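Take a look at the structure first, and then read on.

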Amino acid sequence: MMTKHLSHYVNRDLSWAEFNCRVLQEAQDVNNPLLERAKFLAIVSSNLDEFMSVRVAGIQEQIKAGYSKIDFTGYTPAGLWKRLIKRTNQMVHDQYKSYRDVLRGLGREGITIRSMSELNMTQSKAVSEYFHEIVFPVLTPMAVDQSRPFPLVHTKELYLAVLLRHPEAAPEEDPLFAMVQVPSILARFVPLPERPNSKKREYVLLEDLIEQFIDTLFNGYGAYEVHAFRLTRNADFTLNEDAEDLLEEIEKELRKRRWGISVRLEVARGMHPETLDILKDELEIEDNLIEIDGPLDLSFLMKFVQAIPGYDHLRYEKMEPLYPMEFDDTDDMFEVIRQRDVLMYHPYESFDAVNDFVMQAAIDPDVLAIKMTMYRVSGKSALVQALAEAAESGKQVTVVVELKARFDEERNIAWARQLEKAGCHVVYGLIGLKTHAKILLVVRREQDTLRRYVHVGTGNYNDSTATLYTDIGLFTSHPTIGGDASALFNEVTGYSDPYDWKAFGVAPTDLKQKLFRLIDREIAHVAAGKKGRVIAKMNSLSNQEMVDKLYEASQAGVKIDLIVRGVCCLRPGVAGRSENIQVISIVDRYLEHARVMYFHNGGEEEVYLSSADWMTRNLMKRVELMCPVYDAHLRQTLINMLNLNLNDNVKARKLLSSGTYVHVENELKPFRSQFEARHIPGWKVQV
């Protein structure tokens, strides 16, 4: 139940559902290229998987524990559960409606996913050979009877449930039940031989192919009902950080994740009632069961789109990241950074510059130490190789590897072991806190003194996501920032009393307090008859105290623009509370990921980069970093970037006080911020 006195907050999870609906709108947008629309459908599925396995799973556990306290947005766990299930079920219904629309459009372009009954003789022969030679050896039929208990169903894997009957069985005998896992090691889509004189590309789905030949797995039995299903389990875990070996403790908990409580069951529409009863009973799930009219788990569309050659007219125009112009004509990045700070805007500018910087540091004989945080890195990280090379050459290399980065735990464990083997000092962060700050420190000997070179970023040190996410990175040799960087690593790797930060704001010790001071300063400027202005760009805003502070600033007359891609618990435009606050969300080709904060400060403008969203977990439960941008030209560049977002009237949605989003509409010429940002170096302020 929602209580009236708390109604000025939007619930975090319902706000997330609205965000995923905005992603779905990109799949529904006929102005987007068809193959890109298919990718947005895949993103909707991936987002929903994570949401179910973490957020919805947590609500489910609260209900089972009898927890009924109302949260600050006015919901009990049970009330929120009902709203979320209704909302997400409608989302899935709309998603599959869009899937069928996209499929029809692709069919008109010559890209088709066929049913087995539509194949010609040549195609049927080809898929039969593929099944018997490639698929069949990988499959394992799993019967369920008195001697063979119901097998472990892995989370988010696709299965076929099979009802069988022996030809000699009496009609009144119960059918036999078995399962077959659709192997995720094989591509979900199987290409068909091209028809003569045809440029069409045709495919069948792997589960349809297996169903066609299912009898080969149960020799002598007849399979008369075959239906796909998919289970989502609780993927969160509670970590005992007092364990002697944190790495071993996380590995143990990862194994437990396989047995997480059932959260959601997806089944193919038309599943036999007896099959459904068996699954519900064995998987211990009654609620959050959804019938799907189409292939389960549309996340396969991401790889499907990437595997189709050609068809460039059905994709976004290719955009090659530019190498930062500041480093174009030099082999010595240290010399450039010594003379001036350098700002990078990914993906428009290449992440290769970060890789090159670490590689240069690794082989530079004057570099004494390299220190770096690592939250999520790519599968083939050049940074990891460079750090290992630096350690092997005798440099002091310290890497803070966050083993608790959700769904990247196994990869980070592997990187930690590789780095330790190379001689790096690997730290797993602080007890009870995730290290989410993005910072790289290089200490270099120069003319009988030491100079610190620092890179801070809003996104992970991941060269793969740097081509898909918008993020900001800053190179600087500013001594104040360098001093704070050293202190930050000392706090994370050793014992240290709270440091008196000169430049940084650091969570959990003082980041929230520093933001409050900056907002209070704008309030004071308004009280003195001056202009008060805040612009903040982030992924999520859900901390109640932060929302209340923004309400306070709005009531004092501070004009506030929030660019919040995802969750936003603040209600803008409410008379007497938030009429001076505007909130927009941009969902477009690239994932908006940068965190940038602007404060007018009576004309002495300040701009900060941050790793932190304004969520409770970022402000109070993680090691986060906010760094000032001291260079006036770079500050103006970031203000230009923020204004690009604020002027978007194509992909920007405005949050209404009701909690719903509508497209920004005006009579101006269409302005799409992500497309305008491609005109680098045009938006960069020249020195």
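Is phenylalanine 189 buried or exposed? Phenylalanine 189 is buried, with a relative accessible area of 11%; buried means under 20% relative accessible area, exposed over 50% and partly exposed in between, using a 1.4 Å probe and protein chains only.

## About the model

This is a predicted model, in which local features need pLDDT of at least 70 and side-chain atom pairs count only at pLDDT 80 or more, while totals for chains, interfaces and linings use all residues. Residues are numbered from 1 along each chain as its sequence is written, and side-chain values use heavy atoms, with hydrogens and water left out.

## The overall fold

The chain has 18 helices and 27 strands, where helices (H or I, at least four residues) and strands (E, at least two) are DSSP runs numbered from the N terminus. Its radius of gyration is 27 Å, close to the 26 Å that the globule rule gives for 687 residues, so the chain is as compact as a globular protein of that length. That radius is taken over C-alpha atoms, and the globule rule is 2.2 Å times the number of residues to the power 0.38. The C-alpha trace spans about 90 × 65 × 60 Å along its principal axes.

Buried residues account for 56% of the 687 residues. Among contacts (heavy atoms within 4.5 Å) between residues at least 6 apart in sequence, 74% join residues at least 24 apart.

## Aromatic pairs

A pair of aromatic rings is described by the distance of the centres and the angle of the planes. The structure holds 21 aromatic pairs. Rings of Phe, Tyr and Trp (its six-membered ring) pair if their centres lie within 6.5 Å; planes under 30 degrees apart count as stacked, over 60 as edge-to-face and the rest as tilted. Phenylalanine 189 and phenylalanine 304 form an edge-to-face pair, 5.2 Å centre to centre with 75 degrees between the planes. Phenylalanine 189 lies in strand S5 (residues 189-191) and phenylalanine 304 in helix H8 (residues 300-307), so this pair ties together parts that are 115 residues apart in sequence. Phenylalanine 304 is buried too, at 2% relative accessibility.

Phenylalanine 327 and phenylalanine 475 have ring centres 5.7 Å apart and planes at 80 degrees, so they are also edge-to-face. Phenylalanine 327 sits in the loop between H8 and helix H9 (333-339), and phenylalanine 475 in strand S17 (residues 469-476), 148 residues away. Both count as buried, phenylalanine 327 at 2% relative accessibility and phenylalanine 475 at 0%. Ring pairs link Phe327, Phe334, Phe357, Tyr453 and Phe475 into a cluster.

## Backbone points to check

Most residues other than glycine have a negative phi, and most peptide bonds are trans. Which peptide bond has omega of about 5 degrees and involves histidine 346? The cis bond joins histidine 346 and proline 347, and proline 347 is in the loop between strand S10 (342-346) and helix H10 (352-363). The bond from alanine 507 to proline 508 is cis as well, with omega near 5 degrees.

Tyrosine 311 has a positive phi of about 55 degrees although it is not a glycine, and tyrosine 311 is buried at 15% relative accessible area. Aspartate 448 has a positive phi near 65 degrees and is exposed, with a relative accessible area of 83%.
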